[in-house]
Amino acid sequence: MPVSLVKGGLCVAMLVLASAVADAADSFTDEIAPLFIRRCLECHSGPSPEGGLRLNDAAGLMAGGESGPAVIPSAPEDSLLWQRVTSDEMPPEHPLPPEEKEQLARWIADGGRWQGGPLD
């Protein structure tokens with residue numbers, strides 16, 4: 001195979017990967033951060049969050065709560081956050097609608113990357 005084709009293929013692959021990383025960042029910024037703010041932070045932020053789980057910053061998300069890690073990157077089915085949301089246990093009084101559940105599952109499946117600083 002000519003070197004120019006290999007280099008061209010590598011460039012395309014790198015662009016696709018960069019686009020996927022950017023899409024994951026956009027997913028957090030556009031969908032997940034607002035979802036956490038609207039639906040989770042009332043109970044899962046501050047000095048004494050429910051279950052010891054803080055969802056207002058990356059450190060809290062990665063540390064998890066009393067039950068263990070909240071998110072296992074790229075594995076929604078193994079992530080306690082997803083398990084609690086998909087069983088309609090969380091949020092307790094107003095479970096997420098299917099569209100928001102789908103956004104959360106996709107974000108975790110894409111690596112669960114936190115973009116930016118703490119959420120207010």
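Before the tour, one cut-off: buried means under 20% relative accessible area, exposed means over 50%, and partly exposed is what lies in between. The model on the screen is a predicted one.

I'll start with the inside. The largest nonpolar core has 22 residues. Which of them touch the most other members? They are Phe 36, Leu 55, Leu 61, Val 71, Leu 81, Leu 104 and Trp 107. Three helices each supply at least two residues of this core: H1, spanning 3–39, H3, spanning 80–86, and H4, spanning 98–109. H1 gives the most, with five residues.

Leaving out residues up to four places away in sequence, Val 71 touches Leu 61, Ser 79, Leu 81, Trp 107 and Ile 108.

The structure holds one cavity of 30 Å³ or more, and about 30 Å³ of space lies in the largest cavity. What lines the largest cavity? Leu 35, Phe 36, Cys 40, Leu 81, Val 85, Leu 96 and Leu 104 do. By class, that lining has seven nonpolar residues, no polar ones and no charged ones. H1 and H3 each supply at least two residues of the lining.

Now the backbone. Most residues other than glycine have a negative phi, and most peptide bonds are trans. Here are some exceptions. Met 90 and Pro 91 are joined by a cis peptide bond, with omega about -15°. Pro 91 lies in the loop between H3 and H4.

Asp 88 is found in the loop between H3 and H4 too. Asp 88 is not a glycine, yet its phi is positive, about 65°. Ser 74 also has a positive phi, near 70°, and its place is in the loop between H2, which spans 58–63, and H3. With a relative accessibility of 48%, Ser 74 counts as partly exposed.

Last, the charged side chains. How many salt bridges does a search of the whole structure find? The search finds seven, and I will go through some of them.

In one, the side chains of Glu 31 and Arg 106 meet, at 3.4 Å from N to O. Glu 31 lies in helix H1 and Arg 106 in helix H4, so this pair ties together parts that are 75 residues apart in sequence. Glu 31 is partly exposed, with a relative accessible area of 22%, and Arg 106 is partly exposed as well, at 34%. The two also belong to a network of salt bridges that links Glu 31, Glu 102 and Arg 106.

Another salt bridge joins the side chains of Glu 89 and Arg 84, at 3.3 Å from N to O. Glu 89 is partly exposed at 39% relative accessibility, and Arg 84 is partly exposed with a relative accessible area of 27%.

Lys 101 forms a salt bridge with Asp 88, and the closest N and O atoms are 2.5 Å apart. Lys 101 is in helix H4 and Asp 88 in the loop between H3 and H4, 13 residues apart, and the pair links distant parts of the chain. Is Lys 101 buried or exposed? Its relative accessibility is 15%, and the cut-off for buried is under 20%, so Lys 101 counts as buried.

Conventions
Residues numbered from 1 in each chain as written. Predicted model: local features only at pLDDT ≥ 70, side-chain atom pairs only at ≥ 80, totals over all residues. Heavy atoms only, no water. Core = buried A, V, L, I, M, F, W, Y, C linked by side-chain atoms within 4.5 Å. Buried < 20%, exposed > 50% of the residue type's maximum accessible area, 1.4 Å probe, protein only. Helix = DSSP H or I, 4+ residues; strand = E, 2+ residues; numbered from the N terminus. Contact = heavy atoms within 4.5 Å. 1 Å grid on protein atoms, 1.4 Å probe; cavity = no way out; pocket = protein on both sides within 12 Å on 5 of 7 lines; lining within 4 Å. Points joined across faces, edges and corners; volume = space filled by probe spheres on them. Nonpolar A, V, L, I, M, F, W, Y, C, P; charged D, E, K, R; others polar. Salt bridge = Lys/Arg side-chain N within 4 Å of Asp/Glu carboxyl O.
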